[in-house]
Structures are given as C-alpha cells and as structure tokens.
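Here is a brief report on selected features of one protein model. Please view the sequence and structure first.

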Amino acid sequence: MNAITDPSNPDLTAGGRINEYQIERVEPLPDISSVFYELKHLRTGAKHIHISNGDAENTFGVAFKTVPHDSTGVAHILEHTVLCGSRQYPVRDPFFSMLKRSLSTFMNAFTASDWTMYPFSTQNRKDFYNLMGVYLDAAFFPRLDGLSFKQEGHRLEIATPSESNDPAAQQLTYKGVVYNEMKGAMSSPDQVMVRSILKALYPSTTYRFNSGGEPAEIPSLTHSQLKEFHRRHYHPSNAFFYTYGNLPLRDHLSFIDAKVLKSFKPIDHDTNVASQPRWKQPRTESYPYPLDQNEDPTKKCQVCVAWLTADIKDSFEVLVLTLLEQILLGNPASPLRQALIDSGLGSALCDGTGFDADNRDTLFVSGLKDVASSDAARIEAIILGVLRDLAENGVDKTLIDSAIHQIEFHRKEITNTPYPYGIKLLLTFSGSWFHGGDPVKILNFDADLTRLRKELADGSFFENRIKKYFLDNTHRATVTLVPDQEMASKENDRLGAELERIKKDLVPSDIDRIKQDAEALIRLQETEEDISCLPTLERKDIPSSVPSVQESAADGAIPATLYNQATSGIFYLAAAAGGGALPDDLAPLAPFFCYAASRMGTAVRDYAEMARRIDAYTGGIGLSTHARTRFDGTGECLPFVSINAKCLDRNRDQMFDILQELLHQSDFSDLTRLKNLLLEYRAGLESMVIHNGHRLAISLASRNLSATRRQSEIWNGVHQLQTIKALADKLTDKKIKSLSLDLAAIGETLLGQKNFKMALIGEDASGAQARAWALSLIDGLGDSQDDGFKAPGSTLDAGNIREGWSTSSAVSFVAQAFETVRMEHEDAAALSIISKILRSLYLHREIREKGGAYGGFALYSPEDGLFCLASYRDPHIVSTLKAFDNAAAFIRSGSFEEEDVNEAILQVCSEIDKPDPPGPAARKSFYRSIIALTDDMREHYKSKLLNLTRRQVIQVAEKYFDGDQEKKAVAVISGEEQLKAANDMLVSNPLLLKRI
C-alpha cells in the first residue's frame, strides 16, 4: 500500500477534525492491508485507534488503566460488577443476556495487572451497534448496587442445611464468584509462580499486588471502595477506545460521542505507573505453594532467575528481547533451554519462563520446574554460565536468522486463535499504548527490523544485549517456589479462626442482616426479569447457509485434497493417519508419540539440528491425537493422528524436506533425549488439571458412555496423565529402552501409505510443484496393509461412573453426563437448544449466581449425542449435583418462552457461523471430510435449528430428561477433604473416591 486509500473513510487526514475528535495520525499498514487512525476526543481526552480494512468481522474494545494499590481484587471485582446492570439496561445481567441475543464471534472482559478491557467481535452491523451500546452503558454508567457486589465479589453467609447436616455446626462462610475464582486460581502452581515472580521483581510498584485478588484479602474490599475505584478509573479521560474492520469510522465516533462522551468533563485520573526503581544488588526470594498431602514433595520446587529489562514503550528493545527469548529458549536447540533440560535437574522449563512485555517495565524469566530446592544455586549457575559463554564466544547466526523468521511468520499469518484477528491485533500493542508507546511501531515493525539488521552487521549486537539485560543487570531475582503440604490446612485454619472472630462479634441484628442479604440476593436471582430493554437480533438476521470451503479440481493423480486459498503467502499441509489399528497396549502411548515425534532427532540429524531446521523454515510442525465419531454408517469411533505444518511460500521445498525426514526416518533411539521429553510431557499434563478441571471431569464421567469418549479419556484425560505418571515414576534404562521400541512400533503402524490422508492448502496448492511434494511424501511411507481409519478393537466397561478424583485444589469441578441422540436424528437440533436454555436460564442462576462458582455449563455434542452438565471453580459439590438433578424438572416444565428459544438459536448459530481465515478454514474442511461430515449435513442441521418452536423443544425435553438418575454418570475433581465431606452427605449414593 504505497498511498493511503481507504474507501470506508474518505477524506480523513492527519490534523483534521471528525465530529468532536482531532485526527492525530493516519498511517498505512501494508503488511495487513489496513489503514491506521489515531484520534483524540477534544473535550475529554479519550483516545481512539481505528484499523480500517475489508474484514467483515468487526471488533470493538474499550479499556481503562486500572492500577490497584492492594490485593483486594478491586479491578477484577469491578470488571464483573459493571456487567450486572446499567443506567439504560437496568437488568440483572445484561452481559450474559446479550450472549443470547447476539451473533457475536467473541464477547468477554479481561483484567490484567494494570488495565481492564471490554472487547467483542461480530460479523453483523446491527449486532455491532447493539453490543457497543450495551458495553458502553455498562462500562460508563453501571448501577454497581450492593447485592451485585456481594454476588460477584464477596459476602458473608450462614451455612445452610444442604451444606451441613448438623444444624449446630452451621457457621459463617465467605461466598462470591470472584472469591471462589481466585481460590481456584491460587491453587494452581503456575499461577502462584507467576505471582511470586512479580512480587519479587516489583516490590515498589502496583505489580507486587494481585489485581485478580488474593482470597485472604478480597473480603476486606468495601462496596464504597469499589464505587470510588470506578469513579476514578472508568472515565473517558482514562479510556482507550478501539475499533477494527470494514465499518466506517465516522459512524463509530458519532455513536460513542452520543452515548458516552458528551456526558463527561475531563479529569486528572492519575493512573500512570511509575518505573520500578532498579536495585544495586541481585536478590534471592522463596515462596510457598499448596501441595496435596498425598503427593510426593520430592523435587516439586520451581527455580528461576528473573530480570527486569526494557521500558515497554521502547519498541526496538522489546523486539530485541522478543528475539532473545526465541534465540535462548524458543526451541529444543536454543542454548539456554538445552542446557537447562539436559542438566537433568528438572522436568521442564518453569512456569512464567520467557519474555513478558505486558508491564510498564518488561521482564525476562528462565528456570526449571520439578527440581530440588537444594539445586537452586546450580540452576542459577547454569543460566548465568550459558549467558556468559554466549556473550564471550558469540551467538550462532543460524539461531538469529531462525528467530527473525519466526517473528516474520507469526506477524504475517492471520488466525483467529485464540481470539478474532481484530482482538489479537489490539493485544499486540495495547500494553505499550496504555503506557504512552507508539502502536504503529509495533504494527509496522519493518523499521525496527531494518535497524536491527544494520546493527547486526556492525557485530556483537546480541552479545552486547545479553551483557546489558542479563549479565550486567543487577535488578535480578532468583526465585524458588517451594511445596507446602500444610499450606491448605493452615489457610483453612486461618480462615476458620477469622470467621469465628467475626461471628463472636456479631450481635443479633448483624445476623439478621446477613440472613436478609442472603434472602434478598436469592429473590433477585430468582426474579423473572423483563429484558426487552436490551437490543436483540432475530432469526431473520441469521444466514441460512454454513461457512464452507470448496476443494480445488484435481486429476486424481495427486494423493491429496487440494485447496487453492488466499492465504497471504502462507502454505499449509494437513494430514491424518488412522489410529484404529494400534494395539491396546500401544494406543495409550500415541499422544506421547505425537509429542515426541517432532522433538526427537531422525536417522539423519539429532534433535537439536532438527529443531533448528523446523524454526528456520516453518511456522511449526505438530502432531496430535483425536478421537472422533463418524457421521456416516453406524457412527463408529474414528481415532486418528493429525499432522499439521505451515510455512512461508518461499520455504515450501524445505518444509516438505523436513516432513519427509520426520515421517520417513523417525528415530527414538536417543534415550537421554527421550527421557527428558517424557518428564517434560508429564509436567505439562500435571499443570493442566486445575485449568481444565471441568473438561477433565466431563471426560471421566462420560468414558463408559461411548467408544469415542473412552478413547478420548485414554488419550486426553486423567487416564492419560496416570499412564504417563506410571511410566515416568522410577524410570530405569530398561523402561526407557522399552518405550523407545514402543514409539517406533507406533510409527510403523500409523505411517503407512494406505493409512495416510493429506490436504495441501495455499495460493498454488494445485500447481505442478504440489503434485511432486504430495507424491514424494506418500511414496516414502511404509507399505503398510493396515487401514487404521476404523474403530479400535477394545470394548467399553459396563456401568455408569460415579466417582470423585482428588488433587491439590481448593475448589471443585463437577460433571454429569448421559446419552441422547446424534446429529442426524430429528431431535438433535432441539437438544442443542436445550443446552443453551439450561445454561442461560437455569445453571447460570443456580451454579454461578447462587452457588458462587465461576461457571456452569450445559453441553450437547451432535457428533456423539452425549449431553453433559459441568461446573468450573465451584465451592460446592453436593448442592451442584442436586442442581444438576433438578435441571430435568426445569427443562420439562417449559419455564421458558418462545423468545428464549430464539435466543438459544442465535447462540448455536453464532458458534456454527464463526469465521475462519482461508487457511484454517480449509484445514477444518479437510478434517470434517475425515469423519464424513458433509456441508449438506451441516446445512440440514442448521435448517432444523432455524425452524424450531418452543413446543418442539418441550417435547424433546420430555423425551430425554426423565429424571432417571441411574442413566447419568458423575465425576468430580476436587481436594480430598472436600470429596470426603461430600460423601458424608451422599450416604445413600456416595462417590467412589480415587486419586489423580
């Protein structure tokens, strides 16, 4: 883009005026075919950035610098509470209500260490302004009433009989959504480690506080403090507005000014964050984290060295440090990573490892997890020794080149994972922007890259930066995270004593007030609301088609599906190898095979050489296991391994050469490397439990209900973790040699010519060169006779699950699962609607609002017909199970209106219609073909959705929700004491207790 041309916003130039705004800058963004606008509202000083392009998935966001001065979680609780009703929309929960009344592709809110953001994306213009109106009113004119504060933040309640069988034992307890969320978060070692690093490095600034809230401090926050925090921080003078996409900027500005800005005068918000004063000497810090008493505490520490580095506003130094992270830690051949892993002192890089450019002063972390506390000095010595060696002897030029390549690739690739692209762009520059940096330098980083190449040519560039930021930088902390098996019980004792002190000081009127507040909150939660004041879309706004991608014409000589797609210079390969022929004894090892295959060496090169090649020429190569259900025939389980690779167009030859070497000449004989990978893989599985507790509980509950769910649990659930823990415990040379042979056998079974399907995706996917690549890749595979695209031979265990699984957690994850019917059945569309109605009208109220859990879910899978209910970061077990049991009566009662059905249809269709960039869209199309899910099937299903009535939904509810508890499987993940307490109350039907 040589000149600035923007048909959506003609005649807008820097220095001009538009509505009540000054246009401060207009810049082309040629790499993403966009135009950048930076504006300032003249009266209030509100800042606005608009990125204009042809993308129909438009994005809005408003953010505020929110700088906490304690760990009460005020910013986090405010983020929740502003979404509980506002001036124009005085309903209990407009945010969750709009999830039902919209076709949004993303709606959420984020609280970071020093800012809070409210973003959304949608493809529908009407929807865009509906959502913007609700977001603006919520942020700037919230009600912030006392009951919402008690519900979302914290409150005292007197335990009810359902939570205690002994009336005399009833006592005070804390409740609140954020309170329970943070109890769960601070049960997780990775969260505690990151918080500990911030405490250690920033003892004098806001980052020493936990913006999410420390559970011990949250109850000290008052309602008046919350309202004052809003008054000072949620003001246009402290606001950063963002819009993205193909809608005209002028319309956005008029809407924002009319809805918000005209009502405000400027203030001095005083939200600047000062730089952390630098130390003259390095420091050493140690912090505890809770570990379950049944766990072995041996080698359960984490140790890292952390440095404060550059100012976030300095885009060049941020780029340099980003490259240093890639050079030092980015792949298995990176010198610092390799030295740490090869030391054998730990299993994986510690939590928080890498460069973090989110704070006013950026930071860099390197360390190990699963180490002995006595090894802290050795780990520090390894880190400093590697850095010293690099500074003195030089950084390998190939490492520098591959690091630059990785930055270029990921800047060029357009994806919507984990967020829509417009939101991803915002998050790349928001931290710098909020602190006064220049977003254009980050979005157009070619100038910094040109400067970098010039300085590299002068010599010793990265060597000097290693000295500056690491070796000569005295603002350094060596941090050790130490397991404390008494920490949870000590915290429970502290909390009990605190509540007992409060109880002793209560007079009868205080007790009456607590009871009255609880009753008032329940009345509020159970009141049927008229939400007609909220805007909504209608069924006619939903497109009848489904997003689809057409295959390109091929002559049959190419053993691949071809997709010619406008992929912005990126080439994709997607492939699948059937897993149905794997023997029962080898099948559980398939996920580790996938993890190790691209991280081991080959018969030609060792793992370090392969890692360098992968980083130098590709955007990544990955294998993973999938257990799916076929949509044709009888709906058999279809296990397979996916193989995905991507590269810049100029590197296609090299990428296929690497793939051929990995797939044709795989080698698992480096036993030292294999052992390190096994320990690293185990560490990753262990850290997922608290973050994905609800999904793991669902997997446990449903594993006896279908062959697919059984296979998925073996590959992706708690049983995968148990398989790997058993393998990694007491690891001998004999065990690792046997594992090497097993992985080789898995490769021989999977990677055969008759067991391999492939797709090529790009701007020239059907060209002559593509034919040669596809043929070469297939020809080099083994001549296996097995077609693994079939159901596994193993059989299901009999009987429904009713289990409790213990781990180190202060909160619970509760799941229930039962069988219904699959997508081709006439009732399937109604079941998907029932799942949305149950979540929004019943579980949200019972599990989140009343129970205080972070989330309650109802999930229907059209693929295998299972219906699941689940909770996330839940303070309860028994009352949640009762709520699940009562869900059947609720949905059968028909306590919902035609409008609720319409809203549920909007929710389901927004998921179906979520857009993908061309490359990922074609990849999804290919994997749909593997399981025989056709576009005609998808369109028929959507057509059924669009024509559903309330009466049909009730009829389907009566058929499948009969209240028969014998048909329902249950699994709970929680702490051991919580599970035992739950079983004391589930005397007639207790949980079978197990340990993760």
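## Residue A372

This is a predicted model. A372 sits in the loop that links β16 (361-371) to α11 (376-393). Beyond its neighbours within four places in sequence, A372 is in contact with K299 and C301. A888 lies 516 residues from A372 in sequence, and their C-alpha atoms are 51 Å apart.

## Salt bridges within helices

The structure contains 56 salt bridges. One of them pairs D401 with K397, at 2.7 Å from N to O. Both residues belong to helix α12 (residues 397-412), four residues apart, or about one turn of the helix. D401 is partly exposed, with a relative accessible area of 39%. K397 is exposed, at 56%.

E976 and K980 also form a salt bridge, with the closest N and O atoms 3.9 Å apart. They are four residues apart in helix α34 (residues 976-985), so about one helical turn separates them. E976 counts as buried because its relative accessibility is 18%, under the 20% cut-off. K980, at 39%, counts as partly exposed.

## A network and a buried pair

E803 and R703 form another salt bridge, their closest N and O atoms being 2.9 Å apart. E803 lies in strand β23 (residues 802-806), and R703 in the loop between α23 (693-702) and α24 (707-716), so the bridge ties together parts 100 residues apart in sequence. Both residues are buried.

## A negative surface patch

D342, D606, E609 and D670 form a negative surface patch. Among them, E609 lies in helix α20 (residues 607-617). E609 is partly exposed, at 37% relative accessibility.

Technical notes. Residues are numbered from 1 along each chain as its sequence is written. This is a predicted model: local features need pLDDT of at least 70, side-chain atom pairs count only at pLDDT 80 or more; totals for chains, interfaces and linings use all residues. Side-chain values use heavy atoms; hydrogens and water are left out. Patches are made of residues with over 30% relative accessible area and no salt bridge: like charges are joined within 9 Å, nonpolar side chains (Val, Leu, Ile, Met, Phe, Trp, Tyr) within 5 Å. Accessible areas come from the Shrake-Rupley method with a 1.4 Å probe; for residues, only the protein chains shown count as cover. A salt bridge is a side-chain nitrogen of Lys or Arg within 4 Å of a carboxyl oxygen of Asp or Glu. Lys and Arg count as positive and Asp and Glu as negative; His and the chain ends are not counted. The place of a charge is taken as NZ of Lys, CZ of Arg, CG of Asp or CD of Glu. Helices (H or I, at least four residues) and strands (E, at least two) are DSSP runs, numbered from the N terminus. Buried means under 20% relative accessible area, exposed over 50%, partly exposed in between (1.4 Å probe, protein chains only). Contact means heavy atoms within 4.5 Å.
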